[in-house]
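Please look through the structure below before reading on. The report that follows takes up a nonpolar core and then a sheet.

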Amino acid sequence: MLLELHDVTKRFGGMEAVKDVDMGMDQHELVGLIGPNGAGKTTLFNLVSGYYPPSQGSIKFQGREVAGRKPHHVTRMGLCRTFQLTRPFTHLTLLENAMVGTLCHCSELKRSREVAHWALEQVGLDHRADDLAQGLPIGHRKKLELARTLATKPKLLLLDEVMGGLNPMEVQEMSATIAKIHAGGTGVLMIEHVMSAVMCLCQRIVVLHHGEKIAAGSPEEIRRNPKVIEAYLGDSYAVAGTCEAGPESASPTGQA
Amino acid sequence: MDKLRNIIGKNQAQGAGGAGAPAKARDLRLKLGVLAVLLLLPILLQNEPYYQEILTFVFLWGAMSGAWNIVGGYAGKFSLGHAAFFGIGAYTSGLLYTKLGISPWLGMFGGMLLSVIFALLIGVVTLRLKGKFFALCTIAFGMLVEIMAVYLRGVTGGSEGLLIPYEPGFWNMTFASKVVWAYIFLALMLGVYGVSRWLDKSALGYRLSALREDEDAAEALGVNTLAGKLSSITISAAITALGGSLFAQYFLWLEPNFCVSLDLSQQFALISIIGGMGTAIGPLVGAAIITPLQIFLRAAFGSAASGMSMMIYGFLLVVVVLYMPKGIVVEVRDRLRARRTKAVAGVVEREVSNVA
């Protein structure tokens, strides 16, 4: 098991943002995490990546307990997350942004610069390596956010809405990039509202609603699950949500 | 189309890097020129003690503000208690010398060590605090040390101050010639500049830039933010204490109201703010402007209209902060860069129309 959540609960005062969630991820899985706004998806990410301690339950990454560790420690263990609202270091160049990530496993500057270039290449930003991260358009900011996490050489990536705000073409590009990263042997857990992409990319989907896990299964099962349709997808989706995206983003093992 | 892309790519590379081989050579020549002037100035001003002293203080305050900048600018932790480190350095070596006869050359390491210990103790507790709360805590720390220096009369001499005997000699770190001091403080300033330049292009420097902008995002990328902040305050405190020890032997008189005061802490911060926080050269430029200005204003209005100098000084600060909020160095650099980008854009446009 790459990631194991057992009975995880997070309370803020009297409110239970995440409630008794059990879930697991195998090595090299690509799992989607969906649910309506306020379902507790990002809170779950904050728990797994060490930003909040869980109120109860255990979170194990590669068999080691995450709870009680600082975020930087979790990242060094091989679990790295992106933020929904992108947070570029605006005074640094794109390359230096990525280097901040590489430095966690490589203190030699020359080598870490190479890894940073590689990470930018993965998302197609290497041609702008020497530009400052200030004033980037949203599509580039999302790519940079992804490149920085890749630079930490993660075994498991948590992606928080990396497709939010992208146009359909950028969504396809991003899907292809994620498929490629996954094909390279990295586990991916992604929060996403762009259903066409989630349904086509993910091998398995977990659905949260009011902090509780209401369903888990293959995209096909999720699409037909009445509970999920009621809570999130809506009636029309069962018909409309077919894989109409391009061939390179359709296959989760991705050859692109 | 490929041709077009080539042109754009080529020009972007020039515009972004900005430092082709000729530009780099020009940069180096400029730096060597400035260095030569700095090395000559103390000798040229040998017979002008007034200007000689101003120059010496420019070097000293430039160095001290540069040290402050390592934590205040690079790590973005706004300290207003750095005079405490300065005072700890000054009093430690000064007391070891006057009471126990230990050479200041050794005593200054004692001051640095003590300062580092204090920095770590204070840092572990307060560096978790954000922005203004950290600043408030450092003010409290500075006042604590100042009060201690005043009340421990038996040791420090209290408010009357600590007089260090004038016995010229190398081991006493006491020199008859002021030129020697100008060079010592110049060396200190260049050393601080060197440390800052190293930070600009080191792993620690990148980590500090990241955590200064966004601590959560830095943590997500594996940066141990507390360790980074502690490293920066440790380096900064050690250099500041070294400056304090040297100042003690230069001035030969230590007084809590000056060398451990909030005024001094503010001055360290202010010089960097005016010059440009987070840059290696900013504090040096700031000191070259602020220090002479302060001294001239005090001399010009000191007796006739006391307080006038502070008013003019304050007014000038307000003007600079309003029109150059990022500091002189950063503003000038940004404007130059904007102009260059515009020029590059022009070239691209012309070549594109040629291709078309």
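Which residues of the largest nonpolar core touch the most other members? In this predicted model, the core holds 155 residues, and those that touch the most other members are A:Ala98, A:Val100, A:Leu120, A:Ala147, B:Phe59, B:Ala63 and B:Phe185. The element that gives the most to this core is helix 3 of chain B, residues 49-74, with 12 residues. Domain 1 (1-78 + 154-256) and domain 2 (80-153) of chain A both give residues to the core, which therefore lies between them. Leaving aside residues up to four places away in sequence, B:Phe59 touches B:Ala182, B:Phe185, B:Leu186, B:Leu188 and B:Met189. In soluble globular proteins, nonpolar side chains tend to be buried together.

Chain A also contains an open sheet of six strands, arranged in the order 6-7-8-3-9-10 with mixed pairing. Because strand 6 and strand 10 of chain A stand at the edges and each has a single partner strand, one side of each is left without a neighbour in the sheet. On average, and with direction ignored, neighbouring strands of this sheet are turned by 15 degrees against each other.

Helix 1 of chain A, residues 41-48, packs on the sheet, where it touches strands 3, 6, 7, 8 and 9 of chain A, and its direction makes about 150 degrees with that of strand 7 of chain A.

Strands 7 and 8 of chain A run parallel and are joined by five bridges, and one bridge pairs A:Leu156 with A:Gly187 in strand 8 of chain A.

| Strand of chain A | Residues |
|---|---|
| Strand 6 | residues 79-81 |
| Strand 7 | residues 156-160 |
| Strand 8 | residues 187-191 |
| Strand 10 | residues 212-217 |

Key
Residues numbered from 1 in each chain as written. Chains lettered and ligands numbered in written order. Predicted model: local features only at pLDDT ≥ 70, side-chain atom pairs only at ≥ 80, totals over all residues. Pairing = 2+ DSSP bridges. Helix = DSSP H or I, 4+ residues; strand = E, 2+ residues; numbered from the N terminus. Axes fitted to C-alpha atoms, helices over the stretch in contact; angles between N-to-C directions. Contact = placed C-beta atoms within 7 Å. Core = buried A, V, L, I, M, F, W, Y, C linked by C-beta atoms within 7 Å. Buried ≥ 20, exposed ≤ 12 C-beta atoms within 10 Å, placed from the backbone. Domains from an automatic or database assignment.
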